[in-house]
Structures are given as structure tokens and as C-alpha cells.
Amino acid sequence: MESLSIFFPCHNEQDHVEHMTSEALRIAASLVGDYEVIIVDDGSTDQTPVIAKHLASENDHVKVIHRSEEHTSELQSLLNLVCRLLRE
């Protein structure tokens, strides 16, 4: 495996997003040198977006996508592409 992308949707996960991200980073780093962890904020109304943004600012391997209603179709297209690539 040359590179790895791990992504997970979060909706109001302020109590879990930091732990999930650190575990994903730990596992990815143990597998490959080129990796990213993508946090998909699914319209959270708690502190999840703030925490995710902070995590991304501290680690270049962490990316954040903030989903809003106007971005729903774009995000769905991206996720469909990722799923299709994983099946190949």
C-alpha cells in the first residue's frame, strides 16, 4: 500500500472526534508514510466543527470537510468516487 486515506463522518461527536482522529492517525502511521485522515463534519451543531478545525491546524495529515445542505451533492459524489475506487 503506497498511501492511505481514512475518513469518517461526524455529527455532534464533540466527545469522540479527538480520540477517533488520534487513533486513526496512529494506525495510519503504523501502516504507511503517506496518509491522511479526513473528518467529514456532517452539519454538527455542537463543538465538533471547532474541534475538527483545531485538530487539522495541529497536524498536516488531518483534513476537514464541513458538509452543509448546499454541499450535499458534492460530498455524495466524492464519497461515491471513493467507494468505487476502493472496489477496483
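# Briefing: Core, Helices and Loops of a Predicted Chain

Leu55 lies in helix 2 (helices are DSSP runs of H or I with at least four residues, strands are runs of E with at least two, and both are numbered from the N terminus). The model is predicted, so local features need a pLDDT of at least 70 and side-chain atom pairs count only at pLDDT 80 or more, while totals for chains, interfaces and linings use all residues. Residues are numbered from 1 along each chain as its sequence is written, and side-chain values use heavy atoms, with hydrogens and water left out. The points below begin with the whole chain and then turn to its core and to individual residues.

**The chain as a whole**

- The protein chain contains 3 helices and 3 strands, and from the N terminus these elements follow the order β-α-β-α-β-α.
- Of the 88 residues in the protein chain, 26% are buried (buried means under 20% relative accessible area, exposed over 50% and partly exposed in between, with a 1.4 Å probe and protein chains only).
- Among the contacts in the chain with a separation of 6 or more, 69% are between residues 24 or more positions apart (a contact means heavy atoms within 4.5 Å).

**The largest nonpolar core**

- The largest nonpolar core comprises 14 residues (such a core is a set of buried Ala, Val, Leu, Ile, Met, Phe, Trp, Tyr and Cys residues joined through side-chain atoms within 4.5 Å).
- Phe8, Tyr35 and Ile39 have the most contacts inside this core.
- Two or more residues of the core come from each of strand 1 (3-10), helix 1 (17-31), strand 2 (34-41) and helix 2 (48-58); helix 1 gives the most, with 4 residues.
- Not counting residues up to four places away in sequence, Ile39 touches Phe8, Cys10, Val17, Thr21, Ala52, Leu55, Val62, Lys63, Val64 and Ile65.

- Thr21 is located in helix 1 and is classed as buried because its relative accessible area is 2%.
- With neighbours within four places in sequence left aside, Thr21 is in contact with Phe8, Val37, Ile39, Leu55 and Val62.
- Leu55, in helix 2, has a relative accessibility of 10% and therefore counts as buried.
- Beyond its neighbours within four places in sequence, Leu55 has contacts with Val17, Glu18, Thr21, Ile39 and Val62.
- Leu55 and Ser22 are 33 residues apart in sequence, and their C-alpha atoms are 9.1 Å apart in space.
- Thr48 also belongs to helix 2 and is buried, because its relative accessible area is 0%.
- The contacts of Thr48, leaving aside neighbours within four places in sequence, are with Cys10, Asn12, Glu13, Gln14 and Asp41.
- A polar atom of the Thr48 side chain lies 2.9 Å from the backbone nitrogen of Gln14.

**Leu4 in strand 1**

- Leu4 is part of strand 1, and because its relative accessible area is 19%, Leu4 is buried.
- Leu4 touches Ala28, Leu31, Val32, Asp34, Tyr35 and Glu36, when residues up to four places away in sequence are not counted.
- From Leu4 to Val37 the C-alpha to C-alpha distance is 8.5 Å, although 33 residues separate the two in sequence.

**Two loop residues**

- Asn12 sits in the loop between strand 1 and helix 1 and is partly exposed, because its relative accessible area is 32%.
- Although Asn12 is not a glycine, its phi is positive, at about 55°. By way of background, most residues other than glycine have a negative phi.
- Asp42 occupies the loop between strand 2 and helix 2, and its relative accessibility of 27% is why Asp42 counts as partly exposed.
- Not counting residues up to four places away in sequence, Asp42 touches Cys10, His11 and Arg67.
- Asp42 and Pro9 are 33 residues apart in sequence and 6.1 Å apart in space, from C-alpha to C-alpha.

How values were computed. A polar contact is a pair of N or O atoms within 3.5 Å; within protein, one must be able to donate a hydrogen and the other to accept it, and residues adjacent in sequence count only if both atoms are side-chain atoms.
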